[in-house]
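Q: Please walk me through this fold, feature by feature. I would like the general idea before each case.

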Amino acid sequence: MTAVAAALIQYGSALQLAGLPLLAAGVVLLAVALPRLLPAGSLRAAPGLPTAPVLRGLAFGSLTAAQVLIPLMLINERGLSATAAGIVLTIGALGWSTGSWLKGRGRISNLLAVRGGAALLATGLALVTLVLVDTVPLVLAHVAMAVAGLGIGMLHPTVSVLVLEMSVPGEEGQNSAAVGVGESVFTVVAVAGSGAIFTASGGSYAAGLLTAVALAVLAFALAPRLVRSRAAGTMEVTAP
């Protein structure tokens, strides 16, 4: 995982050839190890529990990748101070808390929480990209991160709850750990990939942020596959 990330970052810079051995080693390592650590069918997002690590990894990875670039974009392109740029991310964190609180009250269905959450996440990240336009008011960045935070706050804990509900008794810990592994792997790859695209495009914040948006859109597309069945089990499930 680390090798893949380092190679992607290096491959996006002038030292392209230097990153290729790391990239090859990392891909081989992931191809061998990752399927053993995730539920069967996860790498093809099979319906049910196998989708959980991929879905949460894509969602959290897209947000993290964007959060790496947003402060730099606000400072370098819109002239904000580091403190002012940090406040934008803080508003996103408050949005996360609000989304989790709303889901915890039990008035949002699981499908709405995961698919609606992914939609809000993608929308928020797309809106913050618009701040690159000088005529767009900076307040949009604050609104956008609140929307993105609300989305991840709804989605993230719901995936954890669904994993526990769909697990066979005694496998809850194993499946929860698998989701954590998937989230970590996808987050590292998302950050490295968006960073490589940012570097390779000559420092284009739009290119890097739109990569994060694309990952959130993919999470939106995959969300219904997780909620298709509530049956317990670590293997692939089918729609009723």
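A: Start with the ground rules. This is a predicted model, so to speak: local features need pLDDT of at least 70, side-chain atom pairs count only at pLDDT 80 or more, and totals for chains, interfaces and linings use all residues.

A: Helices (H or I, at least four residues) and strands (E, at least two) are DSSP runs, numbered from the N terminus. Here the chain has eight helices and zero strands. Read from the N terminus, the order is α-α-α-α-α-α-α-α.

Q: What share of the residues in the chain is buried?

A: Buried means under 20% relative accessible area, exposed over 50%, and partly exposed in between (1.4 Å probe, protein chains only). Of the 240 residues in this chain, 45% are buried. Surface area is a separate total, from the Shrake-Rupley method with a 1.4 Å probe; for residues, only the protein chains shown count as cover. The chain exposes about 10,600 Å². Carbon and sulfur atoms supply 70% of that area.

Q: Which contacts in the chain join residues at least 24 apart, as a percentage?

A: Contact means heavy atoms within 4.5 Å. Take the contacts between residues at least 6 apart in sequence: 78% of them join residues at least 24 apart.

Q: What span does α4 reach from its first C-alpha to its last?

A: The expected span of a helix is 1.5 Å times one less than its number of residues. With 23 residues, α4 reaches 33 Å, close to the 33 Å expected. Gly106 follows α4, and its phi is positive, near 80 degrees.

Q: Which residues of α4 are buried?

A: Ala85, Val88, Gly92, Gly95, Gly99 and Lys103. Their cover includes α3, α5 and α6 (139–166).

Q: Where is Leu89, and what does it contact?

A: Leu89 is in helix α4. At 22% relative accessibility, Leu89 counts as partly exposed. Setting aside neighbours within four places in sequence, Leu89 is in contact with Gln67, Ile70, Pro71 and Met145. Leu89 and Met145 are 56 residues apart in sequence, but their C-alpha atoms are 6.8 Å apart in space.

Q: Is Ile108 buried or exposed?

A: Ile108 is buried, with a relative accessible area of 16%. Its place is the loop between α4 and α5 (110–129).

Q: Which residue has a positive phi although it is not a glycine?

A: Ala45, at about 50 degrees. Ala45 is in the loop between α2 (16–37) and α3. Ala45 counts as buried, at 7% relative accessibility.

Q: What span should α7 have at 1.5 Å a residue?

A: The 29 residues of α7 should span 42 Å, and the end C-alpha atoms are 42 Å apart, which agrees. Just after α7, Gly202 takes a positive phi of about 80 degrees.

Q: Where does α8 bend?

A: The bend at a residue is the angle between axes fitted to the seven residues ending there and the seven starting there. α8 bends by about 30 degrees at Phe220. A proline, Pro224, follows within four residues. The span of α8 (residues 205–226) still agrees: 22 residues should give 32 Å, and the end C-alpha atoms are 32 Å apart. Buried residues of α8 include Tyr205, Leu209, Val213, Leu215 and Leu222. Among the elements that cover the buried residues of α8 are α3, α5, α6 and α7 (172–200).

Q: How many aromatic pairs are there?

A: Rings of Phe, Tyr and Trp (its six-membered ring) pair if their centres lie within 6.5 Å; planes under 30 degrees apart count as stacked, over 60 as edge-to-face and the rest as tilted. The count here is two. Phe60 and Trp96 have ring centres 6.1 Å apart and planes at 75 degrees, so this pair is edge-to-face. The pair links distant parts of the chain, 36 residues apart: Phe60 lies in helix α3 (residues 51–78), Trp96 in helix α4 (residues 82–104). Trp96 is partly exposed, at 25% relative accessible area. For Phe198 and Tyr205, the centres are 5.0 Å apart and the planes at 45 degrees, so the pair is tilted. Phe198 and Tyr205 are buried.

Q: Which residue lies over the face of Phe220?

A: A charge sits over a ring if NZ of Lys or CZ of Arg is within 6 Å of the ring centre and within 35 degrees of the ring normal. Arg115 lies over the face of Phe220, at 4.2 Å from the ring centre.

Technical notes:
Residues are numbered from 1 along each chain as its sequence is written. Side-chain values use heavy atoms; hydrogens and water are left out.
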